[in-house]
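Please take a moment with the sequence and the model below, and then follow the paragraphs through its parts.

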Amino acid sequence: MIEIKNVTKVYGGKVKAVDNLSLTLKPGEIFGFLGPNGAGKTTTIKMLTGITDPDGGEILVNGIDLSKDPIRYKNQFGFVPDSPDIFLRLKGIEYLNFMGDIYQVDSTLRKERIESLAKRFDMENALNDSISSYSHGMRQKIILMGALIHDPSLWILDEPMTGLDPKSSFYLKEMMREHADKGNVVFFSTHVLEVAEKVCDRVGIINKGKLMFCGTMNELRAMVSENEGLEQIFLEMTNDEE
Ligand SMILES: Nc1ncnc2c1ncn2[C@@H]1O[C@H](COP(=O)(O)OP(=O)(O)OP(=O)(O)O)[C@@H](O)[C@H]1O
């Protein structure tokens, strides 16, 4: 469960990247966070993961307050950032073991998880190569595998489908569903409406730091008139003209 309460982030004293945002995500749901470029999605994710501090409001994951118990808080989630270009000098397997060490995953469990994730993402033959030799999609996959190695209850994924081939994207969506169905929460950002439409139980639409809509895809569809598509509603909600 994620509780974001009246959270605000202001950059440089003037850019309100996130403006009084409140969201509650319940166990069992895949939540898609949608918005155009610069809407405040990454800033929200950075606050949710403790990378940057909010200027106001509070955030709780599974009842744990980020500002009061940051280590226990951070143990609750696995995070995949939008840029997978980190630890390029490590081999895939070294990176996974590094993540396993950080999260204190014991060796038997670690081996099992690495094998099963590598199989799912078709990475079995790439684990002994250095990450710098990987394609963008493979880098995305190794980061994803590292984020899931401690089997966190909450998944936080920033633009997770970008760069994945159709097969991996399909498996990831399937894994997201399975994970949510076990009573966990999957929170991911995207600027692609079709992706959200296919996998989300609920979506939040953010523009200029403000939440414009939060509800199920059916509730969003109900707002669409006969002559409009979902895309048009999305564009209207995120239109820059006042
Ligand atoms: N470190 C920073 N310093 C100053 N302003 C920033 C910083 N990071 C983001 N911003 C500004 O905050 C606003 C929200 O940016 P953010 O990156 O959260 O949007 P986003 O929805 O993730 O966009 P995108 O889809 O392009 O990644 C934008 O106006 C952006 O220019």
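Which element gives the largest share of the shell around the ligand? That share, 3 residues, comes from α1, where helices (H or I, at least four residues) and strands (E, at least two) are DSSP runs numbered from the N terminus. This is a predicted model, in which local features need pLDDT of at least 70 and side-chain atom pairs count only at pLDDT 80 or more, while totals for chains, interfaces and linings use all residues. Residues are numbered from 1 along each chain as its sequence is written.

Around the ligand there are 13 residues, of which Y11, A17, N37, T42 and T43 come nearest (a residue is near a molecule if its C-beta atom, placed from the backbone, lies within 6 Å of it). Two or more residues of the shell come from each of β2 (15-25) and α1 (41-48).

The chain is divided into domain 1 (1-76 + 154-160 + 183-242) and domain 2 (82-152), with bounds from an automatic or database domain assignment, and the C-alpha centres of the two lie 27 Å apart.

The largest nonpolar core has 60 residues, among which I156, V186 and F187 touch the most other members; such a core is a set of buried Ala, Val, Leu, Ile, Met, Phe, Trp, Tyr and Cys residues joined through C-beta atoms within 7 Å, and buried means that 20 or more other C-beta atoms lie within 10 Å of a residue's own, with C-beta atoms placed from the backbone. Helix α5 (residues 136-148) gives the most to this core, namely 6 residues. Because domain 1 and domain 2 both give residues to this core, it lies between them.

Definitions and conventions: A residue is buried if 20 or more other C-beta atoms lie within 10 Å of its own, exposed if 12 or fewer, and partly exposed in between; C-beta atoms are placed from the backbone.
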